[in-house]
Amino acid sequence: MTLRFLIVFALILGSFSPQLEAGIFSSIAKLGKKAEAPTNTTWKAGDIDLKHLDLPDGESTKLVKVTLNANKEWQFFNPDGTPIVKSDAMKNAVLFIERAQVPRDLSKLGSIPKNNRLLVRDGETIFELGRSPSLSLNAGQASIPIRSHQQLSNAINHFKGPWKSGPIRVLGLKDQAKNSLSLRTGVDAQRLLTNPAQLKEQTIVLAGPIKDGKIKVDGQNLSLNSLRTMSDEHDISLVVLETPRTVSPKRVANRLRDIGAFDGDVSTGQFLSKLQPPGNTVQYQVSQSGRTQVAISQLPRHTNVVTQSSKESALLQNLAIQTVIRSASIYRPNSERQKELDQQLPFGIPSWALGFFIVSLMPAFWAWKECKWVWNKVWPHPVLLHPDDATPWHSIVGALRFLIFLCVVLPIIGIWAAAFKLLKMVFDAIRYIVERCDTFIRWFFDIGGYRKSKKP
């Protein structure tokens, strides 16, 4: 639309000046070439970390950037921005595409050479796009199947976000600090069941065998449906680790420390990937759970063949705890609810309430007299026959009355009082103008001897 407008504008001006017409068309041609040229083709290989991909070539792996040109065709670029024309130059290369460059129609990814591994970069985060046998987003050994662009975007957001939504508590872990919940990394099942409100916006990790919809942990059989409902009502994140037999909460806590789960920068993709022994790729599905929660639950396991080196590596990484985890599921507030929680003030006060309070005070102070008049009608001042009759009780009541007026009454009636004052000012202005016009007309036409009546 912009280019068409420029051409029409050029034709109009060109009818007056041929030299001007030539200059404008030259500028339009340069603009068109600039629009067709691929952008952001220069990049730095050092910006992409490939350590977690376990590539056989290591640091010698060649990286190639993939972009879509104006004709919706794939183009491949070296780090210096030079295009790659020959297919031999991409042998054993690892391709990557920016998240913003991923087409809405994911079937277009099928035209990218399948012999090359394909990555998608979102800022400083790298994920792998699995294309065989079906499309999936991989974060290490954790994978989410995708069928649409929206599912791909959601999968990136889920894997990229932190795995926890607050302080981490291992169910059943006995801590030294028994009186202060803020200093503990564990919580007993009784507190979770009786006082879930105290654990609001916290992350509870529980591990144990699951049978008939119940998980055995901390000496109790807890219903998973009840736990999910409770976590949904109180904005608690649940991390459920299924094991074939009862596992010590201390052992679970040690495993979380081994994978760095207590650190603040561990993403969901990293957390789920590190839970698995090397060589096992586990698929997860994302679904709605409850009213405001999302569930990232593990699909039936398809264990890959583990090489001897992978087995030896697994033994070195606390094999005892790795082998007992059958499945992992995360139940946590969805993105919309988490955004609301992040914006909330202490005591669960939403941020919009503070904004409404501040915005309402501005017109309320402007209409202070009107607000004061209304408040005096609702709660009149106590009548004292003599100032000496005032007691400390009167002072306390007066302070309470003013505090309620300032914090409750003003925000509620401030806007309405200001609107009333504004309408009254408009009405007074109109009445003043009408009265002045009436006076002028009566004086000008001397209606009823107006001039004589006004003479001194």
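1. Lys 424 is partly exposed, at 42% relative accessible area (buried means under 20%, exposed over 50%, partly exposed in between, with a 1.4 Å probe and protein chains only). Its side chain meets that of Asp 428 in a salt bridge, 3.3 Å from N to O (a side-chain nitrogen of Lys or Arg within 4 Å of a carboxyl oxygen of Asp or Glu). Both residues sit in helix α13, 4 residues apart, about one turn of the helix.

2. A word on the basis: this is a predicted model, where local features need pLDDT of at least 70 and side-chain atom pairs count only at pLDDT 80 or more, while totals for chains, interfaces and linings use all residues. Residues are numbered from 1 along each chain as its sequence is written, and side-chain values use heavy atoms, leaving out hydrogens and water.

3. The whole structure holds 9 salt bridges. One of them joins Glu 128 and Arg 117 at 2.8 Å, N to O. Glu 128 lies in strand β5 and Arg 117 in the loop between β3 and β4, so the pair ties together parts 11 residues apart in sequence. Helices (H or I, at least four residues) and strands (E, at least two) are DSSP runs, numbered from the N terminus.

4. Asp 122 pairs with Lys 160, their closest N and O atoms being 3.0 Å apart. This links strand β4 to helix α3, 38 residues apart. Asp 122 is buried at 15%, whereas Lys 160 is partly exposed at 36%.
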